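Here is a briefing on one structure. Please keep the sequence and the 3D view open while reading.

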Amino acid sequence: MKWIIDTDPGIDDASAIITAVNSGALDILGITSVHGNVGLNHTTRNALKLVELMGGDVPVYQGTSRPILQQREHAAEYHGENGFGNTSLPEPGIAPQDQYAVDFIIESTKKQEVSLLTLGPLTNVALAIAKERELEKRIKQIVMMAGTSRARGNTSPLAEFNIFADPEAAAVVFESGIPIIMVPWETCLDTVFGSEVIVRIRRSSTEVGKAFAQAMEYSVGRTKAYLGSEVLLLCDLLAACAAIDPTVITQQLNAKVTVETGGRFSRGLTVIDERMDDGSKPNASIALACDRAKIENMFLDAINAK
Ligand code: BDR
Ligand code: CA
């Protein structure tokens with residue numbers, strides 16, 4: 001199966017990209033960048049730096065710099081102004097491809113069926129669906145880190161960042177009919193890494209491991225302020241691991257998920273209908289629990305891979 005990773009790196013995006021690429025388990029056609037945690041120039045540069053540190057053979061395509069309707073929403077307070085914990089990595093020696101990420105997604109699906117791993121706001125994917133007739137029939141599935149399972153928001157009281165940063169795009173994707181595996185915020189909160197894993201990451205001696213360990217310190221500091229203890233919260237990593245090995249999801253719920261695009265307090269909420277009394281069918285499988293030990297091992301193997 002061919003994969004495209006759509007992402008806004010982002011410290012946890014970095015952990016997901018490293019694991020997806022270095023596991024060798026996914027046939028990755030390319031990485032598409034999108035606005036999100038920080039601006040598009042930073043997210044694209046961070047994707048390029050990561051690819052270069054890992055040996056450099058995954059092409060990076062620059063995507064969309066803003067949401068469809070609203071103003072940009074960033075999360076630099078959790079990822080640093082440069083999206084990589086304010087660590088000063090050298091400028092990447094490789095450049096993005098000329099093709100626009102949205103067109104790359106469309107063209108890729110003309111040659112074969114493609115699955116998407118999405119780790120940021122869904123703008124690129126929504127624009128591809130809007131632009132290309134019947135694209136939804138050529139995308140096998142989307143494994144995404146997005147939304148909430150119990151309406152516990154991290155960016156507004158009810159909304160998770162990847163949805164809140166472009167609710168209209170998320171609505172297009174959830175209404176497309178493409179099968180979705182959704183890793184929500186609450187499951188990420190239940191799957192944080194403890195201090196023993198943090199120490200093992202700090203000991204990594206590979207180029208990409210050392211770079212990640214430096215950037216991680218910013219995230220550890222922020223999470224301590226937010227959760228009160230020294231843990232590492234790598235939301236996007238869960239989605240990458242679920243794409244590689246679906247058995248990391250140990251509990252799931254099939255439901256009809258709709259994105260609230262209006263709402264005085266609830267814009268960006270993922271509304272989960274378990275009853276489906278109106279006859280609607282599930283459009284998403286929501287990961288309610290994940291195997292933390294398996295995910296830790298997958299990540300440690302990936303950052304230490306030569
Ligand atoms: C999501 O928002 C971003 O800040 C992270 O990279 C992750 O994709 C978590 O809500
Ligand atoms: Ca992300």
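Buried means under 20% relative accessible area, exposed means over 50%, and partly exposed lies in between (1.4 Å probe, protein chains only). By that scale R138 is partly exposed, at 22% relative accessibility.

This is a predicted model, in which local features need pLDDT of at least 70, side-chain atom pairs count only at pLDDT 80 or more, and totals for chains, interfaces and linings use all residues. Residues are numbered from 1 along each chain as its sequence is written, chains are lettered from A and ligands numbered from 1 in the order in which they are written, and side-chain values use heavy atoms, with hydrogens and water left out.

Helices (H or I, at least four residues) and strands (E, at least two) are DSSP runs, numbered from the N terminus.

- Ligand 1 sits in the largest pocket.
- A pocket is found on a 1 Å grid over the protein atoms alone, as an open set of points with protein on both sides within 12 Å along at least five of seven lines. A molecule sits in a pocket if more than half of its atoms lie within 2 Å of the grid points.
- The residues around ligand 1 include D12, D13, N37, H79, M145, N154, E160, F161 and C235. A residue is near a molecule if one of its heavy atoms lies within 4 Å of it.
- L119, N162 and D236 also belong to these surroundings.
- The side chain of D236 has an N or O atom 2.6 Å from an oxygen atom of ligand 1.
- For the backbone of L119, a polar atom is 2.9 Å from a ligand 1 oxygen.
- In the side chain of N162, an N or O atom is 3.0 Å from an oxygen of ligand 1.
- Taken alone, ligand 1 exposes 280 Å², and the protein buries 94% of that. Accessible areas come from the Shrake-Rupley method with a 1.4 Å probe; for residues, only the protein chains shown count as cover.

- N37 lies in the loop between β2 and α2 (40-53).
- Is N37 buried or exposed? N37 counts as buried, at 4% relative accessibility.
- The side chain of N37 makes a polar contact of 3.1 Å with that of D13. It also makes one of 3.2 Å with the side chain of H79.
- A polar contact is a pair of N or O atoms within 3.5 Å; within protein, one must be able to donate a hydrogen and the other to accept it, and residues adjacent in sequence count only if both atoms are side-chain atoms.

**Salt bridges**

- Side chains of opposite charge can pair when their charged atoms come close.
- A salt bridge is a side-chain nitrogen of Lys or Arg within 4 Å of a carboxyl oxygen of Asp or Glu. By this rule the count comes to 12 salt bridges.
- K2 and D27 form one of them, at 2.7 Å from N to O. K2 lies in strand β1 (residues 2-7) and D27 in strand β2 (residues 27-33), so the pair ties together parts that are 25 residues apart in sequence.
- K2 is partly exposed at 26%, and D27 is partly exposed at 36%.
- R138 and E132 form a salt bridge at 3.1 Å, N to O. E132 counts as buried, at 18% relative accessibility.
- E134 and K137 form a salt bridge, with their closest N and O atoms 2.8 Å apart. K137 is exposed at 56%, whereas E134 is partly exposed at 41%.

**Backbone features**

- Most residues other than glycine have a negative phi, and most peptide bonds are trans.
- The peptide bond from P9 to G10 is cis, with omega near -10 degrees. G10 is in the loop between β1 and α1.
- E134 is not a glycine, yet its phi is positive, near 65 degrees. Its place is the loop between α5 (123-131) and β5 (139-145).
- A151, also not a glycine, has a positive phi of about 60 degrees. A151 is in the loop between β5 and α6, and is partly exposed at 31% relative accessibility.

**L227 and L189**

- L227 is in helix α10 (residues 207-227). L227 is partly exposed, with a relative accessible area of 34%.
- How many residues apart in sequence are L227 and L189? They are 38 residues apart in sequence, and 9.5 Å apart in space, C-alpha to C-alpha.

Conventions: On a 1 Å grid over the protein atoms alone, a cavity is a set of points where a 1.4 Å probe fits but cannot get out, and a pocket is an open set with protein on both sides within 12 Å along at least five of seven lines; lining residues have an atom within 4 Å of a point.
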